[in-house]
Amino acid sequence: MISAMLAVPGQERHDVSSLRVVYCAYEFAPRLRERALERFGDVFLYMYGLTEAQLTCTRPGDFTAKPG
């Protein structure tokens, strides 16, 4: 979804400064990670969970500090 958002023509003209958190549950490819951080900032948190378990999230900043 992030890749598709970045591919929309003219997307760079839209203000995304109010974006605070984007939850994701997959590892970003290195180039997508660079582009997403450049465009949206360090707003990404990884979510982990199972049907039978409670969801767990990483801490703010882990997305950039601990890739993958």
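**Close-up views of a predicted model**

View 1. Glu 34 is partly exposed, as its relative accessible area is 46%. The structure shown here and in the other views is a predicted model. The partner of Glu 34 is Arg 31, and the closest N and O atoms of this salt bridge are 3.2 Å apart. Arg 31 has a relative accessible area of 52% and is therefore exposed, since the limit for that class is over 50%. Both residues belong to helix α2, where they stand 3 residues apart, or about one helical turn. An α-helix has 3.6 residues a turn, so residues three or four places apart point the same way. The count of salt bridges in the model is 1.

View 2. The buried residues of α2 are Leu 32, Arg 33, Ala 36, Arg 39 and Phe 40. On the face turned away from the buried side, α2 carries the exposed residues Pro 30, Arg 31 and Glu 38. Gly 41 follows α2 and has a positive phi, near 85°.

**View 3. Phe 28 and Phe 44, an aromatic pair.** A pair of aromatic rings is described by the distance of the centres and the angle of the planes. The model has 3 aromatic pairs. In the one formed by Phe 28 and Phe 44, the ring centres are 5.4 Å apart and the planes meet at 70°, so the pair is edge-to-face; the cut-off for this class is an angle over 60 degrees. Phe 28 sits in the loop between β1 (22-24) and α2 (30-40), while Phe 44 is part of strand β2 (residues 44-48), so the pair ties together parts that are 16 residues apart in sequence. Phe 28 and Phe 44 are both buried.

View 4. Phe 40 counts as buried because its relative accessibility is 11%, and buried means under 20%. The value for Phe 44 is 1%, so Phe 44 counts as buried. Ring pairs join Tyr 26, Phe 28, Phe 40 and Phe 44 into a cluster.

**View 5. The largest nonpolar core.** How many residues make up the largest nonpolar core? There are 12 in all: Ile 2, Leu 6, Val 22, Cys 24, Phe 28, Leu 32, Ala 36, Phe 40, Val 43, Phe 44, Tyr 46 and Phe 63. At least two residues of this core come from each of α1, β1, α2 and β2. Helix α2 gives the most, with 3 residues. Leaving aside neighbours within four places in sequence, Cys 24 touches Phe 44, Leu 45, Tyr 46, Met 47 and Phe 63.

**View 6. Gln 11, a residue in a loop.** Gln 11 lies in the loop between α1 (2-7) and β1. Is Gln 11 buried or exposed? At 15% relative accessibility, Gln 11 counts as buried. Not counting residues up to four places away in sequence, Gln 11 is in contact with Met 5, Leu 6 and Arg 39. Of these, Arg 39 is among the buried residues of α2.

**View 7. Tyr 48 in strand β2.** Tyr 48 belongs to strand β2. With a relative accessible area of 46%, Tyr 48 is partly exposed. Tyr 48 and Tyr 26 are 22 residues apart in sequence, and the distance between their C-alpha atoms is 9.1 Å.

**View 8. The chain as a whole, for orientation.** The chain contains 3 helices and 3 strands. Starting at the N terminus, the order of the elements is α-β-α-β-β-α. The chain has 68 residues, of which 28% are buried. Of the contacts between residues at least 6 apart in sequence, 42% join residues at least 24 apart. The accessible surface of the chain is about 5,000 Å², and 57% of that surface belongs to carbon and sulfur atoms.

Note on methods. Residues numbered from 1 in each chain as written. Predicted model: local features only at pLDDT ≥ 70, side-chain atom pairs only at ≥ 80, totals over all residues. Heavy atoms only, no water. Phe/Tyr/Trp six-rings, centres within 6.5 Å; stacked < 30°, edge-to-face > 60°. Helix = DSSP H or I, 4+ residues; strand = E, 2+ residues; numbered from the N terminus. Buried < 20%, exposed > 50% of the residue type's maximum accessible area, 1.4 Å probe, protein only. Contact = heavy atoms within 4.5 Å. Salt bridge = Lys/Arg side-chain N within 4 Å of Asp/Glu carboxyl O. Areas by Shrake-Rupley, 256 points an atom, 1.4 Å probe, with all protein chains shown as cover. Core = buried A, V, L, I, M, F, W, Y, C linked by side-chain atoms within 4.5 Å.
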